[in-house]
Structures are given as C-alpha cells and as structure tokens.
Amino acid sequence: MTRTLTIRRPDDWHLHLRDGAMLRAVLPETSRDFARAIIMPNLVPPVVTSADAVAYRDRIIDALPQGADFKPLMTLYLTEDTDPADVRAAAQSGLITAIKLYPAGATTNSASGVSNFDKVRPVLETMAEIGLPLCFHGEVTDPTVDIFDREAVFLETKLDPIRRATPGLKVTLEHITTKDGIDYVAGASGEIAGTITTHHLMINRNHLLAGGIRPHYYCLPVVKRATHQEALRKAATSGNPRFFLGTDSAPHLDGAKESACGCAGCFTATNTMACLAHVFEEENALDKLEAFTSLNGPAHYGLPVNDATLTLTKGDTPTPYPSHIDTPDGRVTVFDPGHPLMWRVT
C-alpha cells in the first residue's frame, strides 16, 4: 500500500483570491502548496485592462507571506468593450496568461460579462492568432433553462458555435460538472482542455440537498447527480492530458454563505491536496495524481513544469485542518469533505 507520494509541485488553474483583507487572509492557503495559479478577474470592479492586471498582480505579490514561492498568472475579464490591441499587448508582454469569459449573470460578480458574443468576436480572433487561451465559465444564463442543465445547453448553443466560428482558438472549459462536458472535451478536435474542481470530485447534489441544505456546498456550476460525479472522477484519474486541476476555490464570509440568498463558492485551498489524494486512492489511481495536478495544465498553457516537488504522506490518524480561516471581516469556512482525510502534505 502506497503511504508516501512525491510529485512535481502542483498548480491551480482556476483560483479566486478576492482583494484587500480577504486576499491577505486566503493567499497563504494556496501559496503553501501551489507554485502558480490562474487568478480569476471577477473583482468589483473587474480586471478588464492591462493596467488593472498590473495593479492586481502587484497587490497579490505584496500580500504573499515572506519567503513564499508563488507566481500569480493573471487574466483579463472579457467584456463587450474589451480592446483587442490591449489584449495583444498584455499577452505579448507576458502580463496575462489567459482571458476569462463569463456569460453575463452566470456567477459571482459576472454582471459585466458577455451577453452578445458577436461583440467579442474581434477579441476572440486576436486570441486565436496569438495563441492566447480563453477560459470559459460554461453555463447559459437563460432563466428558462433548468440550473442542472445549463452546462450541457452551453456546450451545444454557445461553445461549439464559437469554436467553429473561430478556428485555432485555444479553449479551457472550466469547472466541468457533467458527463456531457467531459465527453465534449475528450472528443473535440482542436486545442481544448477542461479543469475539474476538488469539490466536484468529492460531492454531488445529494450532499448539498439531502437531509437539509448545506450552504458551504453551494457553488456554481452547481453540483450534479452522482452519475456526473463518477464521470468527473473517471476523467480526472484517467491521465488524459486534456483534464487538470482548477480548484475554483472561492472564499466568501460565512455571513454571505449562510443567508437567505447565499453566495456560490467552496473554499478548498486549505485541504485540496489531501482531498485529491483521497479521491485518487479511492479510484486506484495515485500514479495519475501528478499528471492531473502538475503536468497536464502546464502542457495546455505552454508553460514549463515546476522543478520543485511536493510530498504527500498517508497517516494512521486523520489529518487535522482548520474548520475556518479568520479574516478582519469575519470567518471563511474551509471545505469539509464529510469524512476524515488521512493524507497530508509533509
């Protein structure tokens, strides 16, 4: 039985850090284990220009714990007014690693997102020309579409037409939650990959809803049926280079989560690696964990694999981790997988 596993230091290809006091409180939870992370730009106001990205990058670097070895990979928030020339300059200077597309109203702080995809076509064409990846929040926002179907409908009505209209566009379908999304990414032609979150590998909608609503399991895209969870696990542990980790770790104050209209997001940065080792061991695929966390993402984004390593050890007693992170404004609850975790980063 494997009790120690050493892998290349992992990266997180989808991370929310927020700003200000929240940024300073949660950043150490990621920088402890991860070498790099794609930073989500949905602040208020969002990160829409290269000047915004420079300023946000500097605030992140300033918030790092002393001695931390962590690089934020910046993105721009795509709006219908985004300037293709600014995108080109930001990409060619190395400032940004990707562009993030939120359908307007899809999730937290997405009101400035895209409603009319034709208006962003010049930006997408520029991105295809220079090889800059587009990260999709893959859901439609039509209120007549059931929330559990919004990812599947997005693939057919939005993603596929955009990719056909923009040959050469490199795409990351983020936080896949359905077998439909897995099958699309696995079978599509061209440069496409998909991220899978920690929490979608560990929970399904029964965990969210059965026996009472658990607000700290509420996220967008919402967790789906167990059959979809099984498809995610199979893809993540397969070694398929098109799938890799994007935690979508998303901190919210407990008061905002535990309210009449609670915020969407699971804060998993603290215990992601222990959770993943648990999942991969259950699937008899510990030998595939490094590919999922440390190899496939850099290959898709055209970046080198990290030189440093990280070691996971399985103990005889459950791994302790904090139930919450304190911020000056209140608590942020750490994701609870619902059962003991025996693995830890050592």
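Q: Where does V114 sit?
A: V114 is in the loop between β5 and α4 (121-130). Helices (H or I, at least four residues) and strands (E, at least two) are DSSP runs, numbered from the N terminus.

Q: What kind of model is this, and how are residues numbered?
A: This is a predicted model: local features need pLDDT of at least 70, side-chain atom pairs count only at pLDDT 80 or more, and totals for chains, interfaces and linings use all residues. Residues are numbered from 1 along each chain as its sequence is written, and side-chain values use heavy atoms, with hydrogens and water left out.

Q: Back to V114. Buried or exposed?
A: V114 is buried, with a relative accessible area of 2%. Buried means under 20% relative accessible area, exposed over 50%, partly exposed in between (1.4 Å probe, protein chains only).

Q: What does V114 touch?
A: Leaving out residues up to four places away in sequence, V114 touches L78, E80, L101, Y102, P103, A104 and V120. Contact means heavy atoms within 4.5 Å.

Q: Now β6, residues 134-137. Which residues are buried on its two sides?
A: L134 and F136 on one side, C135 and H137 on the other. In a regular strand the side chains alternate between the two faces of the sheet.

Q: How is β6 paired?
A: β5 (residues 96-101) pairs with β6 in the parallel sense over 3 bridges. K100 stands opposite C135, and I99 has L134 as its bridge partner. On β7, 4 parallel bridges join the two strands, with V171 as the partner of L134.

Q: How does the chain get from β6 to β7?
A: Through helix α5 (residues 150-165), in a right-handed β-α-β crossover. Right-handed means that, with the strands pointing away from the viewer, the path from the first strand over the helix to the second runs clockwise.

Q: Which helix sits in the unit with β7 and β8?
A: Helix α6 (residues 179-187); β7, α6 and β8 make a right-handed β-α-β unit. β7 (residues 171-174) and β8 run parallel, joined by 3 bridges, and V171 stands opposite I192.

Q: Why is β8 called largely enclosed?
A: Because 5 of the 5 residues of β8 (residues 192-196) are buried. I192, G194 and I196 point one way, A193 and T195 the other. On to β9 (residues 243-245): 3 bridges join β8 to it in parallel, and G194 stands opposite F243.

Q: Last one: what covers the buried residues of α1?
A: The cover includes β2 (11-15), α2 (50-63), β11 (324-327) and β12 (330-333). Among the buried residues of α1 are M22, L23 and L27.

Key: Two strands pair if DSSP finds at least two bridges between them.
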